[in-house]
Amino acid sequence: MDSPRPRRKRRLLHSVLPVLALALATTTLAGGGPASASTVPSADTAAAAAVTTFADEFDGAAGSAVNGSKWQIETGDNVNNHERQYYTAGNSNAALDGQGHLVITARKENPANYQCWYGACQYTSARLNTSGKFTQAYGHVEARMKIPRGQGMWPAFWMLGADIGQVGWPNSGEIDVMENVGFEPSTVHGTLHGPGYSGSAGIGAGYTLPNGQAFADAFHTFAVDWAPDSVTWSVDGNVYQHRTPADTGGNTWAFNKPFFLILNLAVGGYWPGDPDGNTAFPQQLVVDHVRVTTGATQPEAGGPITGLAGKCVDVAAAGTANGTPVQLYDCNGTSAQRWSVNADGTIRALGKCLDVASGGTADGTPVQLWDCNGTAAQRWTVSGARDIVNPQANKCLDVTGNNSANGTRLQIWTCGGTANQKWTVTR
């Protein structure tokens, strides 16, 4: 869990509050087009294959502004958090680089005598949102980004409830997909804010790269998988936090409704502190893509996978340690038997991935539970013939020895169409 610290109130800037009436009434899916009702998948939709509802790959000429049919640019300062930057309009601080990226740049400058809460502004930057253009409830929300570095830098990818204009913050709810403060170069945070758990009392956790790696050194994918009464965070496919209404201490769960997206790079503020003499400018938040899909992508959701003798794919003893065997067992409805088949090709339970041991491709290689890592050993396809295939090995998920006894280990084996390789997946 996050340790107590001064945190911010991530409310909208005053300059964009008037557009919230539009956001409450209409939204537009990716690619522009007529306004439509906010996307709230039905149970049937959630059970279907994931469908892309919003995507920006940031293709365009170098120096051009973002797509105005998808994003609006906020302007002004932010006294709520005591941030130091002034958010500018147009492409001054948010522009495409001509190589498929959006670059949000923070500069130490004041070219137009901008005034901030503390006097003449010292920095400029940019903040974008999809309010009035795209909102959605539930699904998979991700951004692939390379964050800036340095004391006082505060990049974020987050969401606010579309009803903020009616109920205010924090009743609107806030889902922070990713935040980083410059004094923690190896750690990002995911947090929920709502009534009774906002600011420094937000509910969240951090994810730290191994071996002292810094997030500013490379692109990483930051995501949430969001379902009714459930939000799960991941970095590069590695799940590190799962939250439900049980975590709110009896307070209202504010996340079963449409939200809109926000990208920004703040400078200074209560949480990160101000830049110091070691902070180099300009600094950049480089965004490769932002994508939103519908569908049952939530790792902790899903249902049973049944096979030989009507028994279930099961994580032995509900263990979560890497290398825990995956076996056949009487179906019992526990979380050790709830599997989600995800748009990225993974099959997940207990926050981890179904994995072919050591990335093996030989007949008889056992399968296990392992941290999600994006490798081919964790990619699966489910065929219409009810095979579950690991494409790297071109082999099927198989019950060892065609043995239906409880505890029989699962493995991969050359696909033969036999009963011990046939599975019914409940998404």
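Strands β21 and β22 (residues 324-329) pair in the antiparallel sense, with four bridges between them. The model is predicted, and the mean pLDDT of the chain is 87. Its largest nonpolar core holds 53 residues, and a second, separate core holds 25.

**Strands β21 and β22**
- Strand β21 covers residues 312-315, with Cys-312 and Asp-314 pointing one way and Val-313 and Val-315 pointing the other way.
- Both pairs of β21 residues are buried.
- Cys-312 has Tyr-329 of β22 as its bridge partner.

- In soluble globular proteins, nonpolar side chains tend to be buried together.
- Leu-102, Ile-175 and Val-290 touch the most other members of the largest core.
- Strand β18 (residues 259-267) contributes five residues to this core, the most of any element.
- Ile-347, Leu-350, Leu-354 and Val-367 are among the members of the second core.

**Confidence**
- A pLDDT of 70 or more is reached by 87% of the residues in the chain.
- Residues 1-11 have pLDDT below 50, and this stretch has 49 contacts in the model beyond near neighbours in sequence.
- Residues 296-300 also stay under 50 in pLDDT, and the model gives them 30 contacts beyond four places in sequence.

Note on methods
Residues numbered from 1 in each chain as written. Predicted model: local features only at pLDDT ≥ 70, side-chain atom pairs only at ≥ 80, totals over all residues. Heavy atoms only, no water. Buried < 20%, exposed > 50% of the residue type's maximum accessible area, 1.4 Å probe, protein only. Helix = DSSP H or I, 4+ residues; strand = E, 2+ residues; numbered from the N terminus. Pairing = 2+ DSSP bridges. pLDDT = per-residue confidence, 0-100. Contact = heavy atoms within 4.5 Å. Core = buried A, V, L, I, M, F, W, Y, C linked by side-chain atoms within 4.5 Å.
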